[in-house]
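Trainee: Please bring up the model. I would like to ask about side chains, one at a time.

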Amino acid sequence: MKKTCFLLATVMAASVIMSGCGSEKDIWSLDASKYVTLGNYKGLSVSVDDTTVTDEEVGETISSNLAADGTMTAVTGRPVQEGDTVNIDYVGTKDGVAFDGGTAEGYDLEIGSGTFISGFEDGLIGHEIGEKVSLNLTFPENYSAEDLAGQDVVFDVTINSISENVIPKLDDAEAKKLDDEVSTKEEYIEKIRKNLEESKQASARTSAYADLLEQAEDNAQIVSGNKLPSWLIDSISKQEKSNFESNLTAYGMTVDDYLANVGMTESDLDAEIKTYAENYAKQELLVHAIAQAEGIEVTDEDLQDAYEEYADKYGYDSADEFLSALKEHDSEETFKEATLTEMVEKFLFDNAEIENPEMVTWTQDSTED
């Protein structure tokens, strides 16, 4: 699980550029100034999103966590209510004939979940265990199955049982059950608030940095097309296509399946990936150009600090364990690239005109930048 979290973090934060797919060339060896003529990248203006956490947001999060820790309990002596889970058998028919996918037995359905078409779940409210209910409904016009889109149907439903989620109250014992690092409900509430604040700040930082980097890119002149290093484009394209294929595999699909579903050819896909690679390469070259101009370098000390930060953030026992995970996934260069990008983004942020600067801090432990 830790490795999964780490990989997600580095993929989101870092370049896909490795070392030229086995070539001696890599982006660190380039003179980025040959490809990028920098424009204005200092004194840019950016507004930081509001990161205030309200009591309502804290309450909603706690309610959701308590509901997830609830106990499903059988209900008798009352009809179906909103929020209940009903076990049902049902048969759907159109013009008196059962249609594909419209029949099931022993199906658990949460009332209010929006799992079924409009009117189905509401139509069961107020009915008792053992009742048979006929629902005259209409599929939406944009329904995925063309033969059912916009069609009138009848669902004959039998209610087998009703259950409700018995939600515990938040006390010290429940707080510790939800989070074994706290001892009281007050500590739990405060931790939820802190986590929400950190999440909002992380999102605000990401948004502000992306805005500043985009402005710096708009102000710069960056070569394009065949003037970009071909090996760099090939490296990014190869890695991106590999990532794309891996994601499809996780969903049980092949590239051919995907292309058939979206009506594309492999040449179309390769062209899209190449366009992405060119745009990504421009941003990476911009980052390196700013770093060169400002003397920003990733030192061994910078990397060690980053290893320690990420080890703590993602639950590794030490920076060495985190580094071992990087080596295991051949991601040291990717992480180094991510570290440089963070340093450049922080430089842009520190040298920008910031609206609402108090809404964000550089690290969780720092005060205002």
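Trainee: Lys 42 forms a salt bridge with which residue?
Mentor: The model is predicted: local features need pLDDT of at least 70, side-chain atom pairs count only at pLDDT 80 or more, and totals for chains, interfaces and linings use all residues. Residues are numbered from 1 along each chain as its sequence is written, and side-chain values use heavy atoms, without hydrogens and water. A salt bridge needs a side-chain nitrogen of Lys or Arg within 4 Å of a carboxyl oxygen of Asp or Glu. Here the closest N and O atoms are 3.1 Å apart, and the partner of Lys 42 is Glu 294.

Trainee: How many residues apart in sequence are the parts that Lys 42 and Glu 294 tie together?
Mentor: Lys 42 is in the loop between β1 (36-37) and β2 (45-47), while Glu 294 belongs to helix α7 (residues 266-294). Helices (H or I, at least four residues) and strands (E, at least two) are DSSP runs, numbered from the N terminus. So the pair ties together parts whose separation in sequence is 252 residues.

Trainee: Is Lys 42 buried, partly exposed or exposed?
Mentor: Buried means under 20% relative accessible area, exposed means over 50%, and partly exposed is in between (1.4 Å probe, protein chains only). The value for Glu 294 is 26%, so Glu 294 counts as partly exposed. Lys 42 has 40%, so it too is partly exposed.

Trainee: What is the N to O distance for Asp 179 and Lys 191?
Mentor: Their side chains meet in a salt bridge with an N to O distance of 2.8 Å. Asp 179 sits in the loop between α3 (172-178) and α4 (185-219), Lys 191 in helix α4, 12 residues apart. Asp 179 is buried at 15%, whereas Lys 191 is partly exposed at 24%. The distance asked for is 2.8 Å.

Trainee: Which residue forms a salt bridge with Lys 241?
Mentor: The closest N and O atoms of Lys 241 and Asp 270 are 2.8 Å apart. This pair joins helix α5 (residues 230-250) to helix α7, 29 residues apart. Lys 241 is buried at 16%. Its partner, partly exposed at 33%, is Asp 270.

Trainee: How many salt bridges does a search of the whole structure find?
Mentor: Some are linked: Arg 78, Asp 84 and Glu 164 make up a network. For the whole structure, the count is 11.

Trainee: Are the rings of Phe 139 and Tyr 143 stacked, tilted or edge-to-face?
Mentor: Rings of Phe, Tyr and Trp (its six-membered ring) pair if their centres lie within 6.5 Å; planes under 30 degrees apart are stacked, over 60 edge-to-face, the rest tilted. The count comes to 22 aromatic pairs. With centres 4.5 Å apart and planes at 50 degrees, the pair of Phe 139 and Tyr 143 is tilted.

Trainee: What is the angle between the ring planes of Tyr 310 and Phe 335?
Mentor: The two rings are 5.1 Å apart, centre to centre, and edge-to-face. Tyr 310 is in helix α8 and Phe 335 in helix α10 (residues 332-350), so the pair ties together parts 25 residues apart in sequence. Both Tyr 310 and Phe 335 are buried. The angle is 85 degrees.

Trainee: What is phi of Asp 95?
Mentor: Most residues other than glycine have a negative phi. Asp 95 lies in the loop between β4 (85-94) and β5 (97-110) and is exposed at 74%. Its phi is positive, near 55 degrees.
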